[in-house]
Amino acid sequence: MPTLPDLRDLVRAEFAPATVYLNTASHGLTPARTAGALREAVQETVEGRIDLTRWFAVIERARARFARLVDLDPDRVALGAAVSAHVSLVAGSLPPGAEVLVADGDFSSLVNPFAMRADLKLRTAPPAELADAVRPGTALVAVSAVQSADGGITDLAAVAGAARAHGARTLVDTTQAAGWLPLDAGAFDYTVCGAYKWLLCPRGTSFLTVPGDGGDLVPAQAGWVAGERPWESCYGTVEELARSARRFDVSPAFLPYLGAERSLSLVEEAGPEAIGAHDRALAARFRAGAAELGHRPVPGDSAIVAVPGLGGACGALKEAGVEVSVRAGNLRAAFHLYNTAEDVERLLAALPRA
């Protein structure tokens, strides 16, 4: 695992932001190695040097890299383009009348696919009370590992324990966590991850993890790539679906996944533990500085820091060259491996006093 100086060297080789970029919770920066892979692939399409066999091999490496990052076998990882599409598979697997428990104010891509089924019972509870809200008859608990709006970290062990005690399945959205918060996807029935944020992949890359037996999911989106022998499954009915989670794949968008393999290699090289320690230290420094200015940032140990009531400062910060975001009225700053202590000081210097 790289030490912090090694991480700094790695960052210098891969990133050159023109702003103080503190908005990874919306979209991560593109590493140099990823940009290079994308340029090469685009040039291959321009010149007619498209090698689908090689491209699919790279995509399989991306699947394996993600699997290692979440401590899972690649056979349990499916590829897609968006979290909501993956969640829709889970929603579609539930029987009529099933109760789904979600956290208040969780991200819509995780919640809305269940709401679109009028025959399901959708119930909510505050994130901190989610484990206590699981009850007999709850079929599924769906929650983000880290809340998008305020960076709150869910007590996933408590949620998983309560779900097991009541015979409920679990679905965890790791979009705001994977890359800086070490995770064991095997502790849950399903996980989903939009990889264009903390995993630094191009948008259009999304991962779904499933139980070894696929759980109760129906591969409703299965096309030829979901066949056990894809190149023999191009016409008519697919005779045999893949024996792995690949049966839940949709045909991958080539450019995003060719880039994703390079981005994931960087996250693997740096290590989520080292990245997380770096990100959390910067976030803690910002929380302390914001409090000294009279603000009340949401407490915690997350790489995402929300400051209620300060969303109106976002425009002035942008003019000062500091990129943050506004969510639920909060100013939201997100700290990642390419950020520095100097970035924190720039942000604090640009904030008004309470």
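**The cavity**

The structure holds 1 cavity of 30 Å³ or more. This is a predicted model, in which local features need pLDDT of at least 70 and side-chain atom pairs count only at pLDDT 80 or more, while totals for chains, interfaces and linings use all residues. Residues are numbered from 1 along each chain as its sequence is written, and side-chain values use heavy atoms, leaving out hydrogens and water.

- On a 1 Å grid over the protein atoms alone, a cavity is a set of points where a 1.4 Å probe fits but cannot get out, and lining residues have an atom within 4 Å of a point.
- The largest cavity contains about 40 Å³ of space, a volume being the space filled by probe spheres set on the points.
- Its lining is formed by L69, V70, A178, G179, L181, L183 and P272.
- Of these lining residues, 6 are nonpolar, 1 is polar and none is charged (Ala, Val, Leu, Ile, Met, Phe, Trp, Tyr, Cys and Pro count as nonpolar, Asp, Glu, Lys and Arg as charged, and the others, Gly among them, as polar).

**Helix α8 with α2**

- Helix α2 (residues 32–47) and helix α8 (residues 254–270) have axes that come within 8 Å and cross at roughly 160 degrees (helices are DSSP runs of H or I, at least four residues, numbered from the N terminus; axes are lines fitted to C-alpha atoms over the stretch in contact, with angles from 0 to 180 degrees between N-to-C directions).
- The pair α2 and α8 is therefore roughly antiparallel (angles over 145 degrees count as roughly antiparallel, under 35 as roughly parallel, 65 to 115 as roughly perpendicular and the rest as oblique).
- On the α2 side the contact includes R33, T34 and A37, and on the α8 side it includes L255, L258 and G259 (contact means heavy atoms within 4.5 Å).
- This contact of α2 with α8 has 7 nonpolar, 4 polar and 3 charged residues.

**Helix α8 with α3**

- Helix α3 (residues 52–69) packs with α8 at an angle of about 40 degrees, their axes 8 Å apart.
- The helices α3 and α8 are therefore oblique to each other.
- Among the residues that meet here are W55, F56 and I59 in α3, and F254, Y257 and L258 in α8.
- The contact of α3 with α8 has 13 nonpolar, 1 polar and 6 charged residues.

**Helix α9 with α11**

- Helix α9 (residues 272–292) and helix α11 (residues 341–350) pack at about 25 degrees, with axes 10 Å apart.
- That angle makes α9 roughly parallel to α11.
- The contact is made by L282, R285, F286, G289 and A290 of α9 and A341, V344, E345, L347 and L348 of α11.

Technical notes
Helices (H or I, at least four residues) and strands (E, at least two) are DSSP runs, numbered from the N terminus. On a 1 Å grid over the protein atoms alone, a cavity is a set of points where a 1.4 Å probe fits but cannot get out, and a pocket is an open set with protein on both sides within 12 Å along at least five of seven lines; lining residues have an atom within 4 Å of a point.
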